[in-house]
Amino acid sequence: MAGEGVSSEPGGHPVVPERREYLFKVLVIGELGVGKTSIIKRYVHQLFSQHYRATIGVDFALKVINWDGKTLVRLQLWDIAGQERFGNMTRVYYKEAVGAFVVFDVTRGSTFEAITKWKSDLDCKVFLPGGGPIPAILLANKCDQKKENNMQSSSQMDHFCKENGFIGWFETSAKDNVNIDEAAKCLVENILANLKNFPQEENDVSNIKLDQEALPAESKFLCC
């Protein structure tokens, strides 16, 4: 008798459930200096440095996740430079993204004030196949440091996210590795939940077109 959850062919050979592989393009956007590169380096490589140079154009890295026994997820994380927000290139950078992190720095209130502009820009330039906005999570980064006095409370942040179409928010620290994995898990869960809205040929990794023929695990750099 075949084991539970495993079917058999007529000849008695067990049929292994098909493993699905997905490649998801995820944007990491926000003002210059909020820690986007640090978050990506921590998540992908478990590294942190105080001395990253400002990103010019776009930087990206690949994270491979064994989501469950039958699902492999590859996240292609695109670090969009702050000064590129309203440039003509952002539509190209945003193309085919299925999720986003919008990052601000809790020590600089001005970076929080810019969030609505980033979210509006995102919602104008990239959509799910059904026409709706891609899932976005707000990251309140550098929570290991002292917040500005005018930073919003947790209840205010909940209200802000609801009003501006974020699926949630997390306090994060690339330095201390706080909530970065949790935020990524939340975003991937929402992306996977949207799969029924994706054309099949777009979410199968074998059919997704990359800008490069082969993408290694380490980050690559594109200059605008």
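Which residue just after helix 1 takes a positive phi? In this predicted model, Gln 46 adopts a positive phi of about 55° in that position. Residues are numbered from 1 along each chain as its sequence is written, and side-chain values use heavy atoms, with hydrogens and water left out. Because the model is predicted, local features need pLDDT of at least 70 and side-chain atom pairs count only at pLDDT 80 or more, whereas totals for chains, interfaces and linings use all residues.

The secondary structure of the protein comprises seven helices and nine strands; helices (H or I, at least four residues) and strands (E, at least two) are DSSP runs numbered from the N terminus. Of the 224 residues, 46% count as buried, where buried means under 20% relative accessible area, exposed over 50%, and partly exposed in between (1.4 Å probe, protein chains only). Among the contacts in the protein with a separation of 6 or more, 74% come from residues 24 or more positions apart, contact meaning heavy atoms within 4.5 Å.

Helix 1 is mostly covered, with nine of its ten residues buried. The buried residues include Ile 39, Ile 40 and Val 44, and also the charged Lys 36, Lys 41 and Arg 42. The axes of helix 1 (residues 36-45) and helix 6 (residues 180-193) come within 10 Å and cross at roughly 85°; axes are lines fitted to C-alpha atoms, for helices over the stretch in contact, and angles run from 0 to 180 degrees between N-to-C directions. Helix 1 is therefore roughly perpendicular to helix 6, since angles of 65 to 115 degrees are given that name, those under 35 count as roughly parallel, those over 145 as roughly antiparallel and the rest as oblique. Ile 39, Arg 42 and Tyr 43 of helix 1 meet Ile 180, Asp 181 and Ala 184 of helix 6. These contact residues divide into four nonpolar, no polar and two charged; Ala, Val, Leu, Ile, Met, Phe, Trp, Tyr, Cys and Pro count as nonpolar, Asp, Glu, Lys and Arg as charged, and the others, Gly among them, as polar.

A search of the whole structure finds five aromatic pairs. Rings of Phe, Tyr and Trp (its six-membered ring) pair if their centres lie within 6.5 Å; planes under 30 degrees apart count as stacked, over 60 as edge-to-face and the rest as tilted. One of the pairs, Phe 60 with Trp 78, is stacked, at 4.9 Å centre to centre and 15° between the planes. Because Phe 60 lies in strand 4 (residues 58-68) and Trp 78 in strand 5 (residues 71-80), this pair ties together parts that are 18 residues apart in sequence. Phe 60 is buried, with a relative accessible area of 1%, and Trp 78 is buried at 3%. Another pair, Phe 112 with Phe 160, is tilted, at 4.8 Å centre to centre and 45° between the planes. It links distant parts of the chain, as Phe 112 belongs to helix 3 (residues 109-113) and Phe 160 to helix 5 (residues 154-164), 48 residues apart. Both residues are buried. Ring pairs also join Phe 104, Phe 112, Phe 160 and Phe 166 into a cluster.

Lys 25 lies over the face of Trp 78, at 3.9 Å from the ring centre; for such an arrangement, NZ of Lys or CZ of Arg is within 6 Å of the ring centre and within 35 degrees of the ring normal.
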